[in-house]
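Take a walk through the structure shown below. Keep the sequence at hand as you go.

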Amino acid sequence: MGTIGEAVRRRRSALRSGLTGRFLDLGLIVVVAAFLILLATRVLEHGPSFFLQILTFAIANGGIYALIALGYTMVYGIIELINFAHGDVFAFGAFLSASLIPVFGLGEDKPFGVLPALALLGVFVVTMLVCGVLNVSIERIAYRPLRHAPRLAPLITAIGMSFFLEGALFLWKGPSNVHYPNVLPSAGFNLFGAEIGTKEIIVIVTALVLVVALALFVERSRLGKAMRATAQDRDASLLMGIDIDQTIAATFFIGALLAGAGGTMYGLYYNTSVFDLGFSAGLVAFTAAVFGGIGNIYGAAIGGLLIGMIQSFWDGYFESAWTQVVIFAVLILVLVFRPTGILGMRVPEK
Amino acid sequence: MALLEVSKIDVFYGRVQAIRGLSISVGAGEIVALIGSNGAGKTTTLRTISGLMHPAGGKISFDGRDLTQTKAHEIVRIGICQSPEGRRLFPRMIVLDNLLMGTYARKERSGIQSDLARVYELFPRLKERTKQLAGTLSGGEQQMLAIGRALMAHPKLLMLDEPSLGLAPILVETIFRVCTEINAQGTPILLVEQNASKALEIAHRAYVLETGSIVQTGTGKELLSSPDVQRAYLGM
């Protein structure tokens, strides 16, 4: 299909062939094993309840990254573009939902029940839809006119769109961290000495439901089939009667629904957001998408979960100042040892 | 009036003209072959009829409708489907899903099961491999799948671009036999081929394309015995 894809495949087949391939795989195993042993010693030091605590945070954190990573991977899968503005759509989702919370009659530390839960659902739905429309507009304005241009052109407009959105968020709520109203109940329960909050459970369950819904949609629905076909061969899809423009727009829309949900969940969970959240969280989520195998939605879900867990475990057991370094070290290791990611393409293209 | 009428079209790639004033027609029930060497414009002609490219001049009409500027994804709905050059399957979908992608544009869903049965009957190999990923099929099987996928659209006109390219001789026989079977069941076929002798054998009529223009036309038999065609395309 694309030149990057081909280069990656050529590289992979070169890696897989013969002793070099096995040596490199061995290298990856050694690095992972060393990390796990180091982690295990720390885990033993701190005891099981601390581990359970960190694990809960890690899964919630990973769930949010998975939702963002899905948007990167879906867009890359269909038009081979890294939508740098995607992280900013996520940040926009956090900002917008924060503003919607009072509109829907929710507020700081009010008692939580059925009615607030429904209101919160309303916040989710509106935020997701607005993010969807925003992302479709971005595609229409910045990417579609450049569909037949050299690959670098839309990449540059993607970076431009990202800066534009960041600027808009900066003008909206200023340069510093913005408090996000704490509307989820803070109650929790004790599990083997670890405090499991309602918050974590809500975040984990919501992320899981959305990922499963997306997977079912892409596997089963007519539009999902059109999306998969378009990702695999655009001309053939046209010949089958698929409206490519509509399908690509739908992909941006669905990716942004998840980013909007992710932004809302981020705010609800961490109770803070900032105008350049999309840059930092977006880069991590993009790393997650590459980690899982860019273009593969299951890969993005798993990659997001793993990157979130690596982040939380490093924060919990090691020096948090080094967390970003560790995450990008993971990206580099993946690119060196397994350029197609954990669940990279396993089938020849043509 | 013929089912498909292509009249005096000009097609460009950027500033390079690939097709010059080309006119062809396909009537109901016919097999029409378009032969010519590499770069003559055969594939471009099919891509233009399918709406993947649009002519700068001239007119394409099908079943009395003007298709000249119709978009590719709408052309399937009007009844033209092609098995493209290079097969262009969906490599990471299984055989069955590839076939079902062919039905994407169909409004009536009722005939799908019987069409599927028909494709499996024409190509028993596909039935054996129904759960296999298309990207892992052999070249011949991929060609069968590409033709089967186009048939699943239940087209009023089937276009085949180089169906015998790169296949073992025995498979070439199979593919051409199936073409006549499909035609005998009532579907007209526009066939693009480099294998001129085979194409002319099964074609009712044929056109010879050179550097973007039709240079000769006649029935399959006439062209088979034409000295010019024999020298240029049949190696005699």
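This is a predicted model: local features need pLDDT of at least 70, side-chain atom pairs count only at pLDDT 80 or more; totals for chains, interfaces and linings use all residues.

Start in chain B, at strand β7. Both of its faces are covered: Leu157(B), Met159(B) and Asp161(B) are buried on one side, and Leu158(B) and Leu160(B) are buried on the other.

How many of the residues of β7(B) are buried? Five of the five are, so the strand, residues 157–161, is largely enclosed by the rest of the structure.

Now look at the partners of this strand. β6 of chain B, residues 80–83, pairs with β7(B) in the parallel sense, over four bridges. One pair to find is Ile80(B), whose bridge partner in β7(B) is Leu157(B). Strand β8 of chain B, residues 189–193, is also joined to β7(B) by four bridges, and these two strands run parallel. Here Asp161(B) has Val192(B) as its bridge partner in β8(B).

Chain B also holds an antiparallel sheet. It is open, and its four strands come in the order β2-β1-β4-β5. Which strands stand at the edges? They are β2(B), residues 16–26, and β5(B), residues 65–66. Each has a single partner strand, so one side of each is left without a neighbour in the sheet. Strand β1(B), residues 4–13, is joined to β2(B) by seven bridges, and the two run antiparallel. Among the residues of this pairing, Glu5(B) has Ser25(B) as its bridge partner in β2(B). Helix α1 of chain B, residues 42–49, lies across β1, β2 and β4 of that chain, and it runs at about 70 degrees to β2(B).

Is Ser114(B) buried or exposed? Ser114(B) counts as exposed, because it has 10 C-beta neighbours inside 10 Å, and the cut-off for exposed is 12 or fewer. Met152(B) is 38 residues away from Ser114(B) along the chain, yet their C-alpha atoms are separated by 9.8 Å.

Next, the nonpolar core. The largest one has 168 residues. Those touching the most other members are Ala66(A), Leu67(A), Ala69(A), Leu70(A), Ala285(A), Ala33(B) and Leu191(B). Helix α3 of chain A, residues 48–79, gives the most to this core, with 18 residues. In chain B, follow Ala33(B). Leaving aside residues up to four places away in sequence, Ala33(B) touches Leu191(B), Glu193(B), Ala199(B), Leu200(B), Ala203(B), Ala206(B) and Gly220(B).

Turn to chain A as a whole. Chain A has 13 helices and four strands. Its C-alpha trace spans about 55 × 50 × 40 Å along the principal axes. Among contacts between residues at least 6 apart in sequence, 78% join residues at least 24 apart.

Finish where the chains meet. There, 17 residues of chain A are in contact with 21 residues of chain B. On the chain A side, α8 (222–232) and α9 (234–239) each supply at least two residues. By class, that side has eight nonpolar, two polar and seven charged residues.

Conventions
Residues are numbered from 1 along each chain as its sequence is written. Chains are lettered from A and ligands numbered from 1 in the order in which they are written. Two residues are in contact if their C-beta atoms, placed from the backbone, lie within 7 Å. Ala, Val, Leu, Ile, Met, Phe, Trp, Tyr, Cys and Pro count as nonpolar, Asp, Glu, Lys and Arg as charged, and the others, Gly among them, as polar. A nonpolar core is a set of buried Ala, Val, Leu, Ile, Met, Phe, Trp, Tyr and Cys residues joined through C-beta atoms within 7 Å. A residue is buried if 20 or more other C-beta atoms lie within 10 Å of its own, exposed if 12 or fewer, and partly exposed in between; C-beta atoms are placed from the backbone. Two strands pair if DSSP finds at least two bridges between them. Axes are lines fitted to C-alpha atoms, for helices over the stretch in contact, and angles run from 0 to 180 degrees between N-to-C directions.
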